[in-house]
Amino acid sequence: MSRRRAPRRISLSQRRDAPAGGEWRQRTEEQRRGKAEVREVEEEEERQEHHGKESVPRGTCQTMCPTRELQDRQLQNCLHRFELLAGTERDRRPRGDPLRAVKEYSRPAAGKDSTNSSDLRPAAVLLKTVCYLIDKVAASPHLRPWTEVYNFVFDRLRGVKQDMIIQRTSGLNCVAILERTVRFLIYASYRLCGEPLRLYDPRINDTHLQENLSWLLDCYATGTEPHPNQEEFQALGLLYNLGSARAAQHIMELPERLRCSPAITLALSINRAFHEQNPVRVLRLARRLNFMQSCALHRHLVSCRRDLLLIYSHGFSSRNCRFPLDRLAQLLFLDASLTTRLCQAHGVEVNRDSQLIFSKAAFTEPEQLHCKLYHNIVAEKQRDLSVGDIIHGCT
């Protein structure tokens with residue numbers, strides 16, 4: 001009779017140090033299902049490879065939404081409110097505005113021809129569509145709530161990506177589209193952090209971000225054109241996937257001229273401090289990041305602050321030891337009230353004299369910690385930057 005193997009134990013440090021991003025981390029079953037959904041179009045096109053390059057369709061549609069789709073969705077009353085013709089919103093069957101309607105993402109279906117040239121938009125039209133989604137929808141001060149704005153733009157960007165894959169789009173227009181898409185998804189991961197899952201799913205956003213980022217980095221590696229924004233996105237990729245060995249290895253294989261650029265040098269320093277479990281240095285270096293870089297890093301800030309409190313709970317664990325609250329607030333880059341709240345959530349006592357009493361036995365892991373409360377290190381960098389400026393890279 002065979003003996004049953006004992007389950008493999010995973011230490012807390014192993015879980016904490018595991019890479020945190022999409023392809024570059026261990027996937028759960030739910031994430032694999034999300035990945036499979038994103039891959040559907042790519043796999044469909046890979047099956048068509050044997051037809052040769054001459055069979056690749058070329059789009060002829062010069063509008064953001066093909067005429068046939070606009071008519072069909074209008075008949076089915078399936079237009080989004082952002083696409084309606086002004087003055088017809090209250091009609092029994094509202095009309096679509098050809099200047100506002102955007103082709104939606106549709107999953108590949110058996111018997112459905114997804115390669116019809118009149119339904120595909122060429123690269124220049126796709127870039128124009130992406131700029132419209134950014135300037136007139138994502139950056140609009142009148143369209144609210146932003147969770148609905150995000151879901152509309154997210155879906156339409158998937159439609160753009162679908163057209164790009166079918167046509168095997170490459171070149172500068174492809175890079176320009178992917179750069180704006182990656183910025184939008186990174187910004188959304190910060191702005192919508194903590195929203196209910198029914199409105200925003202961070203795992204789905206992460207999956208698509210990793211897909212687009214991977215495609216963009218491949219474009220940089222295989223293209224012959226100069227890419228002035230490459231330094232920015234190589235650094236963003238490392239900051240977003242902080243602690244990933246694969247991400248760090250990718251950076252180390254870049255040409256020395258690029259690897260030694262200021263943005264990538266700073267990202268490497270932060271990644272090194274993260275590997276060395278030095279949260280104080282990570283937070284200190286984070287102050288030097290610009291807004292978009294801070295958005296990419298922000299999902300790691302909760303664990304950095306937690307690690308700092310854990311280290312101090314062990315290092316200053318003594319009945320007679322008192323640590324000033326204002327000093328810890330400086331290290332965490334939080335104000336005194338938020339520092340107090342964070343300490344109490346982790347079982348660190350704050351006395352009446354605004355002093356901390358650390359105890360390794362009392363340290364606890366909170367069941368729920370609202371990351372959005374501790375975003376000041378990122379929010380203070382946005383200043384007067386508009387959403388359009390952020391996504392277009394005009395910072």
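Predicted model: local features only at pLDDT ≥ 70, side-chain atom pairs only at ≥ 80, totals over all residues.
# Questions on salt bridges, burial and cavities

Student: Why is Cys304 called buried?

Tutor: Its relative accessible area is 3%. Buried means under 20%, exposed means over 50%, and partly exposed lies in between (1.4 Å probe, protein chains only). Cys304 at 3% falls under the buried limit, so the label holds. Cys343 is buried too, at 0%.

Student: What share of the protein is buried?

Tutor: Of the 395 residues, 49% are buried.

Student: What makes Arg68 and Asp119 a salt bridge?

Tutor: Their closest N and O atoms are 2.0 Å apart. The rule asks for a side-chain nitrogen of Lys or Arg within 4 Å of a carboxyl oxygen of Asp or Glu. A 2.0 Å separation is within that limit, so the pair counts.

Student: Which parts does this pair tie together?

Tutor: Arg68 sits in helix α3 (residues 67–75), and Asp119 in the loop between α3 and α4 (123–138). The pair therefore ties parts that are 51 residues apart in sequence. Helices here are DSSP runs (H or I, at least four residues), and strands are runs of E (at least two), numbered from the N terminus. By that rule the protein has 18 helices and three strands.

Student: Are Arg68 and Asp119 buried or partly exposed?

Tutor: One of each. Arg68 has a relative accessible area of 44%, which makes it partly exposed. Asp119 has 13%, which makes it buried.

Student: How far apart in helix α3 are Arg73 and Glu69?

Tutor: Four residues, so about one helical turn separates them. Their side chains meet in a salt bridge, at 3.0 Å from N to O. Both Arg73 and Glu69 are buried. They also belong to a network of salt bridges with Glu83, Glu104, Asp155 and Arg156.

Student: How do you know that Glu211 and Lys161 form a salt bridge?

Tutor: The closest N and O atoms are 4.0 Å apart. The limit is within 4 Å, so the pair still counts. Glu211 lies in helix α7 and Lys161 in helix α5, so the bridge ties parts that are 50 residues apart in sequence. Both residues are buried. The whole structure has 16 salt bridges.

Student: What makes a space a cavity, and how many are found?

Tutor: A cavity is a set of points on a 1 Å grid over the protein atoms alone, where a 1.4 Å probe fits but cannot get out. The search finds eight of 30 Å³ or more. Points join across faces, edges and corners, and volume is the space filled by probe spheres set on them. The largest cavity holds about 100 Å³.

Student: Which residues line the largest cavity closest to its centre?

Tutor: Leu157, Arg158, Lys161, Thr181 and Asn212 are the closest of the 13 lining residues. A lining residue has an atom within 4 Å of a point. The elements giving two or more residues are α5 (146–167), α6 (172–191) and α7 (202–222). Helix α5 gives the most, with six.

Definitions and conventions
Residues numbered from 1 in each chain as written. Heavy atoms only, no water. 1 Å grid on protein atoms, 1.4 Å probe; cavity = no way out; pocket = protein on both sides within 12 Å on 5 of 7 lines; lining within 4 Å.
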